[in-house]
Amino acid sequence: MTPQEKLNLHLAESKAKHFLDSTFAAHMDNIDPLKALRDEFVIPTRGEIAPGADRPDEPCTYFCGNSLGLLPKAVARYVTEELQVWGEGAVNSHFKHRYGRPWVRIEETVQEQSARVVGAQKDEVAIMNTLTSNLHTLLAAFYTPTQDRHKILIESKAFPSDHYAVESQIRWHHRDPLDSLICQEPRKGETLLRTEDILETIEKHGHEIAVVCFSGIQFYTGQYFEMETITKAAQAKGCIVGWDLAHAAGNVPVQLHDWNVDFACWCSYKYLNSGPGGIAGIFIHERHATNFDRNRLAGWWGHDKATRFDMVNEFKPIAGAAGFQHSNPSVLTTSALLGSLSVFEKTTMKDMRAKSLLLTGYLYHLLTTEFTTDVLDIITPADPEQRGAQLSLVFKRGKMMEIFEGLSKRAIIGDERKPDVIRIAPTPLYTRFEDVRLFVVALKELVAEVY
């Protein structure tokens, strides 16, 4: 049964007259199996987000988890505990810790939970650094260009930091991006990339492609790429395959191990809710775990734990992803991630995805039935299986910023991408169906004002 068919059944159950009826949203929120998880988050009030807004003490309507997730209440406890331990034990807290989390092993407190989120085995994951630095770390190990195989394939509108990183890695090897970078373009007049076109590029150029490096979910359009299909096709041509999961981790269920992905990286401040600039993660498939001949950017935290503090200048890497660590991780940002993951421990990616399909499906239905295409278009795929939580809305006739500012004054938070896109991401951990309904009601008022 499709998400829309499920929504139709729930409409009948709710006895609401139509989908924009508050009775329907209330019914959906009442039967939501994840509804209690909303109370795990600090939700800013309308007055805090938009000073001067009416009903200032009520929670705002937040759709920006694709950019920065809301603060889990547990984060304050975990971070405060580390500040307490720092104050009480100072350097001794590396090995003796009041709460059983010695700093010398702090990354292990979030390793297993992170692996479950991305469909990996524990030793295939390391929590370290930040996203772009991790992408550089992985490309330094896995991009080994030769005279015949030196190209990297990315999507044409990759997130700028990814594009910069890939270009700089090519130049690092004294090559020209004009020769060694392939940017997969959508067809003329289209915004999304077709899987068959990506596969055609791989088939045609696979013999000269060293690395295929796509985003799991495209940041601008919200398109969820067919990761398993693309990975299999590229590896069949001898390519290494890596994925940037910034917009996928904690958003959609991925199975990095089962899909045989070579490497992946992600941040933790979007759907994983670890806070601005939060610590990031890497995945390296177990097939590469003991390939110690592969070059890497080495650091002491990637050295054998048993002899790390012997301070011998002969690098002995840990098997698996941990062997790619550089320095000891930030205790405070790791603890913030631990607080966030404690919420994920109360549900599963499968259950989150089930709610997300209905929640974003509800938003998609309202937008396509309440507005005409001369006002807005949705550039995110219509197929629920090809998107995550986010919908990207293109507003016509140069009205996007007026709409965005109007929403902000009403304490409804999405984000804008110039020239004409507003991204709206109902996040299943804390977004209600009523939030979606309120957004559409407010948007109808704004459209009536500015168009």
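Start by selecting threonine 132, which you will find in helix H6, residues 131–142. You are looking at a predicted model, so keep that in mind along the way. Now show its surroundings: beyond residues up to four places away in sequence, threonine 132 touches Ser161 and Ala165.

Next, colour the annotated positions. The UniProt annotation "binding site", from an unreviewed entry, covers Leu131, Thr132, Phe159, Pro160, Ser161, Asp162, Ser215, Asp244, His247, Tyr269, Trp300 and Asn328. Zoom out to see them together: they are spread over 198 residues of sequence and also spread in space, with up to 30.6 Å between C-alpha atoms.

From that set, pick serine 215. This residue sits in strand S7, residues 209–215. Serine 215 has 8% relative accessibility, so it counts as buried, the cut-off being under 20%. Leaving aside neighbours within four places in sequence, show Glu155, Phe225, Trp243 and Asp244, which are in contact with serine 215. Then draw a distance between the side chains of serine 215 and glutamate 155: a polar contact of 2.4 Å joins them.

Now move to lysine 270. UniProt, again in an unreviewed entry, lists Lys270 for "modified residue: N6-(pyridoxal phosphate)lysine". Look for lysine 270 in the loop between strand S9 (263–266) and strand S10 (281–284). Is lysine 270 buried or exposed? It counts as buried, because its relative accessibility is 11%. Select Gly65, Asn66, Ser67, Leu68, Gly69, Ala246 and His247 to see what lysine 270 is in contact with, apart from neighbours within four places in sequence. One more distance to draw here: the side chain of lysine 270 reaches the backbone oxygen of asparagine 66 at 3.4 Å.

The largest nonpolar core has 60 residues, and Val118, Trp243, Leu245, Val254, Leu256 and Trp266 have the most contacts inside it. Helix H11, residues 331–344, gives the most to this core, with five residues. To explore from one side chain, centre on leucine 256, which touches Val118, Gly119, Met227, Leu245, Val261, Ala264, Trp266, Phe283 and His285, not counting residues up to four places away in sequence.

Finish by selecting Leu20, Ile424, Leu443 and Val450. They are among the 38 residues of another core, which lies apart from the largest one.

Conventions. Residues numbered from 1 in each chain as written. Predicted model: local features only at pLDDT ≥ 70, side-chain atom pairs only at ≥ 80, totals over all residues. Heavy atoms only, no water. UniProt positions renumbered as here; feature names shortened; annotations may be inferred. Helix = DSSP H or I, 4+ residues; strand = E, 2+ residues; numbered from the N terminus. Contact = heavy atoms within 4.5 Å. Buried < 20%, exposed > 50% of the residue type's maximum accessible area, 1.4 Å probe, protein only. Polar contact = N/O pair within 3.5 Å; in protein donor to acceptor, adjacent residues only side chain to side chain. Core = buried A, V, L, I, M, F, W, Y, C linked by side-chain atoms within 4.5 Å.
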